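Reader: Before the questions start, please show the sequence and the model.

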Amino acid sequence: MDCIFCKIVAGQIPSVKIYEDDRTFAFMDINPRTDGHCLVIPKKHSPTLFDIEEEELQAVMATVKKTALALKQALNPDGLTSFQLNGRAANQLVDHYHVHLVPRWAGDGVDLRHALQAGDPEKIKATGARIAAAFSK
Ligand code: 5GP
Ligand code: ZN
């Protein structure tokens with residue numbers, strides 16, 4: 001399979017590995033938003049949150065927590081931004097599920113927030129009802 005992250009897991013492409021267990025792999029991002037920016041991935045290929053098996057996802061999240069604690073211990077950041085993108089519309093570039101962990105420092109100037117703009121309460125309510133109904137489908 002022609003997947004950069006599968007090749008990283010297989011050791012076919014070099015990476016700065018920080019942690020590995022049976023199901024997951026954590027390594028440094030080559031385009032760090034801040035010092036310490038790293039990625040946590042499942043070893044088994046799944047493109048997005050829509051595809052990944054729940055068991056794999058749970059393993060990834062356990063490693064996300066361990067990695068957050070390691071970042072805290074090693075770098076003592078003031079905060080931590082974690083995010084995960086799905087699909088081109090969400091700016092996902094690598095189609096192998098991954099969680100970004102970006103250590104943050106007060107005044108680091110990195111803006112990963114979305115601008116707050118009040119929504120239409122009726123629309124929020126109607127959309128919420130559509131999503132709530134979809135849980136049973
Ligand atoms: P996303 O798919 O969430 O937009 O981000 C993909 C991330 O993978 C980017 O932050 C990018 O810097 C990182 N990335 C892409 N190719 C490589 C690579 O070959 N090695 C490493 N370590 N990171 C990569
Ligand atoms: Zn892959």
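Author: Helices (H or I, at least four residues) and strands (E, at least two) are DSSP runs, numbered from the N terminus. This is a predicted model, in which local features need pLDDT of at least 70, side-chain atom pairs count only at pLDDT 80 or more, and totals for chains, interfaces and linings use all residues. Residues are numbered from 1 along each chain as its sequence is written, chains are lettered from A and ligands numbered from 1 in the order in which they are written, and side-chain values use heavy atoms, with hydrogens and water left out.

Reader: In what order do the elements of the protein run from the N terminus on?

Author: The protein has three helices and five strands. Its C-alpha atoms fill a box of roughly 50 × 40 × 25 Å, taken along the principal axes. From the N terminus on, the order of the elements is α-β-β-β-α-β-β-α.

Reader: What percentage of the 137 residues of the protein count as buried?

Author: Buried means under 20% relative accessible area, exposed over 50%, and partly exposed in between (1.4 Å probe, protein chains only). By that cut-off, the buried part of the 137 residues is 30%.

Reader: Which residues come nearest to ligand 1?

Author: A residue is near a molecule or strand if one of its heavy atoms lies within 4 Å of it. There are 16 residues around ligand 1. They divide into ten nonpolar, five polar and one charged, where Ala, Val, Leu, Ile, Met, Phe, Trp, Tyr, Cys and Pro count as nonpolar, Asp, Glu, Lys and Arg as charged, and the others, Gly among them, as polar. Those that come nearest are Asp-29, Asn-31, Leu-93, His-98 and His-100.

Reader: How much of the accessible area of ligand 1 does the protein cover?

Author: A polar contact is a pair of N or O atoms within 3.5 Å; within protein, one must be able to donate a hydrogen and the other to accept it, and residues adjacent in sequence count only if both atoms are side-chain atoms. Polar side-chain atoms lie 2.5 Å from a ligand 1 oxygen in the case of Asp-29 and 2.7 Å from a ligand 1 oxygen in the case of His-100. Accessible areas come from the Shrake-Rupley method with a 1.4 Å probe, and for residues only the protein chains shown count as cover. Of the 520 Å² that ligand 1 has on its own, the protein covers 86%.

Reader: Which element gives the most to the shell around ligand 1?

Author: Ligand 1 sits in the largest pocket; on a 1 Å grid over the protein atoms alone, a pocket is an open set with protein on both sides within 12 Å along at least five of seven lines, made of points where a 1.4 Å probe fits, and a molecule sits in it if more than half of its atoms lie within 2 Å of its grid points. Two or more residues of the shell come from each of helix H1 (4-10) and strand E2 (24-28). With three residues, the element that gives the most is H1.

Reader: What is the phi of Asn-76?

Author: Asn-76 is placed in the loop between H2 and strand E4 (79-83). Its relative accessible area is 57%, so Asn-76 is exposed. Although Asn-76 is not a glycine, its phi is positive, at about 45°.

Reader: Which side chains make polar contacts with the side chain of Thr-24?

Author: Thr-24 lies in strand E2. At a relative accessible area of 0%, Thr-24 is buried. Its side chain contacts one partner at 2.7 Å, the side chain of Asp-21, and another at 2.6 Å, the side chain of Thr-63.

Reader: What separates the C-alpha atoms of Glu-56 and Thr-67?

Author: Both Glu-56 and Thr-67 are found in helix H2, which spans residues 54-75. Glu-56 counts as buried at 7% relative accessibility, and Thr-67 counts as buried at 4%. The side chain of Thr-67 reaches the backbone oxygen of Thr-63 at 2.7 Å. Glu-56 and Thr-67 are eleven residues apart along the chain, and their C-alpha atoms are separated by 16 Å.

How values were computed. On a 1 Å grid over the protein atoms alone, a cavity is a set of points where a 1.4 Å probe fits but cannot get out, and a pocket is an open set with protein on both sides within 12 Å along at least five of seven lines; lining residues have an atom within 4 Å of a point.
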